[in-house]
Amino acid sequence: MFPRVWPDRTNCKAAKVAYPTTEEELIKAVAYASEHNLKVKTVTRFSGTIPKLACPSGSDAMLISTSKYNSAIEIEPDQLTVTADSGVSLRELIDKVEEAAFSLATSPYWEGVSIRGLVSTGSHGSSWSGRGGSVHDHVVGINLVVPATSSEGYAKVKLSIEKAFKRSITYNFTSDVALEDMFMEHGKKFEFGDITWYPSRKTAVYRYDLRSPDDVSGNGVNDFIEKALETSKSENGKCKTADTTLAYKKLTGNG
Ligand SMILES: Cc1cc2nc3c(=O)[nH]c(=O)nc-3n(C[C@H](O)[C@H](O)[C@H](O)COP(=O)(O)OP(=O)(O)OC[C@H]3O[C@@H](n4cnc5c(N)ncnc54)[C@H](O)[C@@H]3O)c2cc1C
């Protein structure tokens, strides 16, 4: 979906790639690797992690892609949990959960990631409240396929969810004076609070970010410019955004 180029610009090589769509196919792929003594790396359709974590060692290795292992999302309303295939994208998961009048308590800032990829890398949003802003702290179960002849298993992730809520967000662009004293208070006061610091501009952007009831007005949508450009396949738009970002960073001494 979002093709990535590795930082060293070289390709990853593997002896074989499998694209399982079901648990059964996934188990078969792991069994094949086990039988042929191949090392396994899992790759997602996003590869949002910039280092080559998913790159295998070469001809002694096999890739298992979760790009097509993304159909099941099951909400268990009584348990306040949702179980998803590991290749499900964060956006698909959020949409399904919200449709059923629930919310994920936390998520990273970028939605173009798979549920298992983000859990594997400790991805997080902001929050010190409750269980905090790391998604893995909201995981209540993971089923793994392991390479043992008698084993069986599934590759799903079960997350806790909450009754649906919206978030009320206000940005305050202000002086960075006393930032070091303010951040603790800010984190305690605002459940999803966040601060972006631009030292060369002597500016701090405090995000006042609190949960609101689901019935307050507003559509609860925060659209990314980059996502809109990606969807409309606007290459010019993306180039212009990149130019503007670069010019802005130069102007601010890289923030
Ligand atoms: C624009 C952007 C913004 C971001 N913002 C944030 C943010 O706000 N907060 C934050 O914490 N992170 C952020 N990240 C980082 C991102 O959340 C992580 O890199 C995340 O791992 C990406 O998920 P992915 O599905 O692309 O995983 P990948 O990068 O494809 O994989 C990550 C790792 O997980 C392993 N893996 C994936 N699926 C499985 C599986 N089914 N079984 C076993 N192993 C598996 C892979 O082998 C690899 O080692 C951002 C990244 C981008 C590109």
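## The three-stranded sheet

In this predicted model, three strands form an open sheet in the order S10-S12-S11, with antiparallel pairing; strands here are DSSP runs of E with at least two residues, numbered from the N terminus, and two strands count as paired if DSSP finds at least two bridges between them. Strand S10 (166-175) and strand S11 (194-198) stand at the edges, each with a single partner strand, so one side of each is left without a neighbour in the sheet. From one strand to the next the twist averages 15°, where axes are lines fitted to C-alpha atoms and angles run from 0 to 180 degrees between N-to-C directions.

S11 pairs with strand S12 (residues 203-212) in the antiparallel sense over five bridges, and Thr-196 has Val-205 in S12 as its bridge partner.

## The shell around the ligand

Around the ligand there are 25 residues, of which Gly-48, Thr-49, Leu-53, Trp-110 and Gly-117 come nearest; a residue is near a molecule if its C-beta atom, placed from the backbone, lies within 6 Å of it. Strand S2 (39-43) and helix H3 (115-120) are the elements that give two or more residues to this shell, and H3 gives the most, with four residues; helices are DSSP runs of H or I with at least four residues.

By residue class, the shell divides into ten nonpolar, 13 polar and two charged residues, with Ala, Val, Leu, Ile, Met, Phe, Trp, Tyr, Cys and Pro counted as nonpolar, Asp, Glu, Lys and Arg as charged, and the others, Gly among them, as polar. Domain 1 (16-65) and domain 2 (73-163) each supply at least three residues to the shell, the domain bounds coming from an automatic or database domain assignment.

## Basis of the model

Residues are numbered from 1 along each chain as its sequence is written. Because the model is predicted, local features need pLDDT of at least 70 and side-chain atom pairs count only at pLDDT 80 or more, whereas totals for chains, interfaces and linings use all residues.
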